[in-house]
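Thanks for coming, everyone. I'd like to walk through one model today. Please have a look at it first.

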Amino acid sequence: MPYTIVIFGASGDLTRRKLIPALFSLFAKGRLPQPTRIVGFSRTEYSHDAWRDKLAQSTAEFIGKEFDRQKWEEFAPTIQYVPGDIGKPKDFERLSAALDECEAGQQCTRVYYLATAPRFYESAIAHLGQAGLATESNGPRRVVIEKPFGTDLTSARRLNEFVHTVFDERQVFRIDHYLGKETVQNLLVLRFANTIFEPIWNRNYIDHVQITVAEEVKVGSRGGYYDTADVLRDMFQNHLLQLMTITAMETPVRFEADLVRDEKAKVLQAVRALDAEQIIGRTVRGQYEGYRDEPGVAGDSQTATFAAVHLSVDNWRWQGVPFYLRSGKAMSCRTTQIVVQFREPPHMLFAGAPPDANRLVIQVQPAEGIQLHFQTKVPDSDMKLRMTDLDFRFSRAFGGELPDAYQPLLLDALEGDASLFARSDEVELAWGIIDPILDAWRSRNEPDLAVYESGFWGPIESNEWMNQQGRNWFDSCPVLGQ
Ligand SMILES: NC(=O)c1ccc[n+]([C@@H]2O[C@H](COP(=O)([O-])OP(=O)(O)OC[C@H]3O[C@@H](n4cnc5c(N)ncnc54)[C@H](OP(=O)(O)O)[C@@H]3O)[C@@H](O)[C@H]2O)c1
């Protein structure tokens with residue numbers, strides 16, 4: 001069956017930087033199902049050719065030396081453009097007519113990709129419904145919705161309810177591009193296709209888990225948006241909690257979307273609810289020095305650009321194992337890593353063993369791979385120990401560049417596999433964890449908003465907070481070379 005991807009927000013940054021380069025790379029590798037048409041929709045008046053020319057330039061820029069001009073010439077005719085306004089029902093009628101014309105009445109799978117600001121989601125969905133574009137009489141119809149999905153539990157619930165007035169849940173693909181990264185998918189394989197990890201993947205052997213998403217960049221031109229969001233909404237509600245669910249979930253019965261998502265949802269359900277007092281003690285919040293001078297940011301902004309949060313997962317596997325989640329801007333480097341810290345041996349035979357071995361580091365970016373840290377005897381010494389490591393890098397093991405995360409996710413949306421997309425209950429459960437933290441911070445104005453210097457690992461208070469719990473952050477950058 002042919003495929004059509006309709007991109008709302010066709011003239012925007014996401015389309016230019018991620019979606020078209022991903023679709024083109026899939027096409028060039030022969031992995032894009034054939035035939036697939038791409039139809040762009042936004043207000044800017046382009047002809048088909050003008051849009052294709054713009055995309056040729058931006059794709060060449062973002063793909064770099066991999067850009068194959070000849071392949072592009074084959075790909076370009078599959079791209080079309082329909083100018084229109086998401087707020088105008090008439091423009092959806094024109095879009096519908098244009099789609100009917102290019103599909104020539106054939107059965108066809110259609111994916112509507114909402115690459116627009118969230119304030120347009122409801123309008124786009126309502127008008128898709130009114131124009132009959134969500135009905136499946138002529139093939140499957142799906143909608144991909146970008147993050148952020150809501151700004152709190154109430155708005156996420158309202159948006160879910162609204163989406164469900166037009167699309168069934170099985171047609172809805174809420175994207176979190178972290179789940180398209182090879183290492184994140186490999187975490188499922190590591191845990192569920194090997195037997196060696198499962199026996200020790202629990203409270204008996206694991207001391208704690210750290211999940212860090214550190215950004216080197218500051219807010220830049222996103223100050224206006226960021227100042228109304230903050231790090232919990234921007235990073236924790238989606239990326240960090242998704243990484244946590246994949247680390248902590250039980251084995252699904254089969255690798256099927258709903259079964260995988262059932263297990264992920266159970267992790268979120270098991271996260272212990274905390275009162276405001278407990279939240280204050282279990283969180284650190286910070287703001288990088290100079291944030292209030294950024295364009296679009298209020299001069300007295302209380303927005304956190306850094307947070308560390310201690311969550312407990314109340315089930316048999318994880319009882320008593322802290323999950324420390326941390327993210328910040330203006331940090332020492334760009335890295336996303338999951339650190340599984342195993343317990344010390346119950347009785348240490350060797351004096352002077354360095355701390356912090358017994359650790360599995362799963363690096364999601366910049367390099368994607370895994371490192372295992374363990375104690376080793378230093379040769380030609382009296383039982384002197386040193387921490388050494390074994391590492392696995394995707395790029396070294398398999399060669400070549402890893403695909404951008406949007407590639408597998410776009411393919412999954414075309415094929416209707418929602419395993420790596422968030423379901424409505426997951427999104428709401430995640431907001432149900434974040435909202436109380438935001439409420440506690442706002443109502444108590446605690447913990448103090450710690451100002452931190454750029455280029456390090458967030459506020460010093462974050463290290464002190466970890467030390468008080470008898471632990472240290474694993475601050476290493478990069479863990480694996482590129
Ligand atoms: N950029 C990224 O790397 C990135 C990464 C992850 C997630 N996201 C998410 O992706 C979404 C899009 O982000 P973006 O950075 O691409 O935004 P953007 O550059 O501001 O693009 C917005 C797009 O929406 C279109 N648009 C605005 N008003 C419209 C209307 N009334 N009718 C039709 N089209 C309209 C704009 O085109 P016209 O002005 O021509 O109408 C433009 O194509 C956001 O939800 C964002 O959070 C972006």
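Start with E426. E426 is buried, at a relative accessible area of 1%. Keep in mind that this is a predicted model.

What does E426 pair with? The partner is K264, in a salt bridge with the closest N and O atoms 3.1 Å apart. K264 sits in helix α10 and E426 in helix α14, so this pair ties together parts 162 residues apart in sequence. K264 is buried as well, with a relative accessible area of 1%.

Now D262 and R423. They form a salt bridge too, closest N and O atoms 2.9 Å apart. D262 belongs to helix α10, while R423 is in the loop between α13 and α14, 161 residues away. D262 is partly exposed, at 30% relative accessible area. R423 counts as buried, at 10%.

Next, E136 and R170. Their side chains meet in a salt bridge, 2.7 Å from N to O. E136 is in the loop between α5 and β5, and R170 in the loop between α6 and β6, so parts 34 residues apart in sequence are tied together. R170 counts as exposed, with 52% relative accessibility. E136 is partly exposed, at 29%. The count of salt bridges comes to 33.

On to the ligand. There are 22 residues around the ligand, and S11, D13, L14, R17 and T44 come nearest. A side-chain N or O atom of R17 is 2.5 Å from a ligand oxygen. The protein buries 76% of the 890 Å² that the ligand exposes when taken alone. Helix α1 gives the most to the shell, with 3 residues. By class, the shell has 9 nonpolar, 7 polar and 6 charged residues.

Technical notes: Residues are numbered from 1 along each chain as its sequence is written. This is a predicted model: local features need pLDDT of at least 70, side-chain atom pairs count only at pLDDT 80 or more; totals for chains, interfaces and linings use all residues. Side-chain values use heavy atoms; hydrogens and water are left out. A residue is near a molecule or strand if one of its heavy atoms lies within 4 Å of it. A polar contact is a pair of N or O atoms within 3.5 Å; within protein, one must be able to donate a hydrogen and the other to accept it, and residues adjacent in sequence count only if both atoms are side-chain atoms. Accessible areas come from the Shrake-Rupley method with a 1.4 Å probe; for residues, only the protein chains shown count as cover. Helices (H or I, at least four residues) and strands (E, at least two) are DSSP runs, numbered from the N terminus. Ala, Val, Leu, Ile, Met, Phe, Trp, Tyr, Cys and Pro count as nonpolar, Asp, Glu, Lys and Arg as charged, and the others, Gly among them, as polar. A salt bridge is a side-chain nitrogen of Lys or Arg within 4 Å of a carboxyl oxygen of Asp or Glu. Buried means under 20% relative accessible area, exposed over 50%, partly exposed in between (1.4 Å probe, protein chains only).
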